[in-house]
Structure formats: structure tokens, C-alpha cells
Amino acid sequence: MFPVELRGARAQTLMWAHEHEVEAAALQQLRNIAQLEWVHGVRVMPDVHLGKGATVGSVIAMKDAIAPAAVGVDIGCGMEAVRTSLTASDLPDNLRSLRSRIEAAVPVGFSTHQDPVNVNRLNAQVAGQRAAGTTLRAGWEKFWKAFGSLDSGVQALESKAHKQIGTLGSGNHFVELCLADDQSVWILLHSGSRNIGKELAERHMAVARKLPHNQNLVDRDLAVFLSRTSEMDAYRRDLNWAQEYAARNRAVMLALVCKAVRDEFGEHPVEFDEPISCHHNYVAEEIIDGMPMLVTRKGAVRAGAGDLALIPGSMGTRSYVVRGKGNPASFQSASHGAGRRMSRNAAKKQFTVKDLIAQTEGVESRKDAGVIDEIPAAYKDIDQVIAAQSDLVDIVATLRQVLCVKG
């Protein structure tokens, strides 16, 4: 059944969704992207929806060029998950205490840590999480030393960037406790590069829009940088740093949540498997159709043969751990989640707190007006999204949320 080719696109655009299922504005946005002379091909995931400049759920292979909008402002946004040694029978009937403990450990929304997280101390506190020693501490000083080489406009933000490592943010970012089909307990979280990633992205987008070769684009938000230029070099320097920041942010956050879980269960020993981690807003150098390309994934994950990835649903449904099949037709990609089926404003107008309570029954979570825009009905059916990409991934585990923290 899939893929299907988008009509009216200059560069080949293959979709794992039918045109009638996708909003007209998103289809036009995809055609605008495919019109760019540097684009070799576009692949569209089943969670596709309208984005800023470039469509969410799109994978774009470009020759010697990158459109910053095809990465987005939350550079390096992605997922992290770990299976714990706990099972469903170990969980108390009421998870409110654990949610409060996690919320105390991980600042949400615009909040930061009062002081930067001490990764050396945190590493010792979560000993037993196999990736903690390598992910939290390795290269820490070298990474922060590189801050001084970033765009001059963000230099005043270094202190804030330090304090935002290990914080969640808001919107669709979350920390969850989930039960797998085998009743094992998983920790799952979603976050990105916080304010520093946004600042870097917006500064480079502004530079790109002013470049001469971008003046006649149908959409100036699709402005590109060209290889072997100082502007491209500067963008990729900052992009790579922000992608690493996002990965380190999630690693620290996961360690904080693991510690909170251990503290909550007291004398009951809790161990953690090696975490699964994946970006879904990023750039990679890959071989596409036998040629070197710069591949941007915005709301899409790499699904190379054997790659483990995470595809979350909404705060009241299910999420999936998947293994990529390496399908070259999709540029070895898969969806990054369920994808929104309505805007945040539309969700706030259509649904009430009563609706939210009903749709998140059985999940320990916020149930107030501040998160109505994240109500499950605002998202596409995650099971249909997974079914549409059966040629891209195999299901490893199905996770059902029992606790959800949102900003």
C-alpha cells in the first residue's frame, strides 16, 4: 500500500500516508520543499503535519545544502528510554508520590535547575545504570569548552544553558513510566536542546534568509546554506554542538529520573538496562541512492537495519520501541511519534478538562487546563501510524503509560 508518490512535486516525494489524510497546507509545504533545486528527494512519514517552513514528519536529502527549517528550532530533539528491573507488581496502586518526586528532580516548562547538575555526583548516585559513566561524564569539559566558539549572539546564555541541562521543557515533551507487554517497567522521556538550541537555530535561519541565492524562494522560511561557505560552516558547527547538548540533556534527565525511581522504592533494589536514545530533529551525512547527501530529519527517526528507535503516542495511549528494517525507499527512516491531527489552539477550543480526565484515565498525570493542548484526541491514532510503516520497522515492545510528567 505504501509508499505513494505526492502529485505535483518536482523532486520525488514518497509518502507513507495518503494525500486525503494530510492537511492541504502540509501538502503544499512538501511541494515547496521538493521544488528547491538542491533537493534530491523527500520522504514523508505517517505522522506528517504542518510545520514552520518545513513539514514535521519529513526526511529531506539535499546535495551540498541544508535548510535549517528542515531541522527545526529544537535542534536534536529526541527520545530516551530504559527498561528497569521493576515489574507491574512492584508498583504501588497510587503513583502520585513518584510523580511528585520526578517533578522535584526534573524542572519543567521554562524552569531551570538552581545550580548546574553535578554530573560526577549524579553518576555515582545512579551507579548500575550502565551508560551513566560514559554518557554523563565523557567529554564533559571538552563539550562545554566549545561553547566559546558558538555564535557570538549566544555567549551571554552559557550560564542558563548549564542550568537547563537535565530539564524537560514544555509542549509535547514528557517523562513517562510505562508498562510493556511482559509487564516490565520502562522509563521513557522526550526533550531537546532547550532554549540554547532555539536561539542558535533562529539566528542561523535569519542569516540564511538574507543570502542572495534565497531571495526568489517560494517560501523564505526554506532558505538554505550551501556547502563550502562560511555560513554553512558556522551553522554546522553550532548545529552539531546543539545536537550533542540535546543528547546530554536527555542523558542527565534520565539519570535524575532513575535516581528518583530508586529513591522512591527505597530498599527495593532497582537496576536499569542500557538506554535507547535517538534524535528526531537533526542532520546526518548519508549515502542516498549511491550518492553522498546531507539528510535532515524533522520529526523522523533513522530506521537503518537493526537500529533501535522510539515512537511515542500521546499521554493517554501507547508508545513503541521499534527496530529499523533499513528500507532504502524511506531513506532508512520512520516516524517520530503519532503526529498532531489538530493545532494546539484548536485542541484548547474543542476539549475541556473533563475530556482530558476521561482520555487519560488510569494515567497518573496533570489533568488541568494547562495541558489540554496535549490531550490524546489532538493526536493521530498511534496504532494506525505504526501500521502504516510496517515495511520500515518491526515492533520490539509496546509500552502503555501509567505515569506522565509534562511541563
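Start by selecting Met-62, Trp-144, Ile-187, Trp-241 and Val-252: among the 88 residues of the largest nonpolar core, these touch the most other members. A nonpolar core here is a set of buried Ala, Val, Leu, Ile, Met, Phe, Trp, Tyr and Cys residues joined through side-chain atoms within 4.5 Å; buried means under 20% relative accessible area, exposed over 50%, partly exposed in between (1.4 Å probe, protein chains only). Helix H8 gives the most to this core, with 16 residues. Helices (H or I, at least four residues) and strands (E, at least two) are DSSP runs, numbered from the N terminus.

A word on what you're looking at: this is a predicted model, in which local features need pLDDT of at least 70 and side-chain atom pairs count only at pLDDT 80 or more, while totals for chains, interfaces and linings use all residues. Residues are numbered from 1 along each chain as its sequence is written, and side-chain values use heavy atoms, with hydrogens and water left out.

Now zoom in on Trp-241. Which residues is Trp-241 in contact with, leaving aside neighbours within four places in sequence? You'll find Phe-143, Trp-144, Ala-146, Phe-147, Leu-150, Ile-196 and Leu-200, where contact means heavy atoms within 4.5 Å. Apart from this core lies another, of 51 residues, including Met-45, Leu-188, Val-363 and Val-393.

Next, switch to cartoon view and look for the open sheet: six strands in the order S1-S2-S3-S4-S12-S11, with mixed pairing. Two strands pair if DSSP finds at least two bridges between them. S1 (4-5) and S11 (281-288) are at the edges with a single partner strand each, so one side of each has no neighbour in the sheet. Further in, S4 (residues 56-62) and S12 (residues 291-298) pair in the antiparallel sense over five bridges; select Ser-58 and its bridge partner in S12, Lys-298, to see one of them.

A cis peptide bond joins Phe-2 to Pro-3, with omega about 5°.

Arg-194, in helix H7 (residues 194-209), has a phi near 55°, positive in a residue other than glycine. Is Arg-194 buried or exposed? Buried, at a relative accessible area of 14%. Then try Phe-331, in the loop between S15 (318-324) and S16 (333-335): its phi is positive too, about 55°, although Phe-331 is not a glycine. Phe-331 is buried, with a relative accessible area of 2%.
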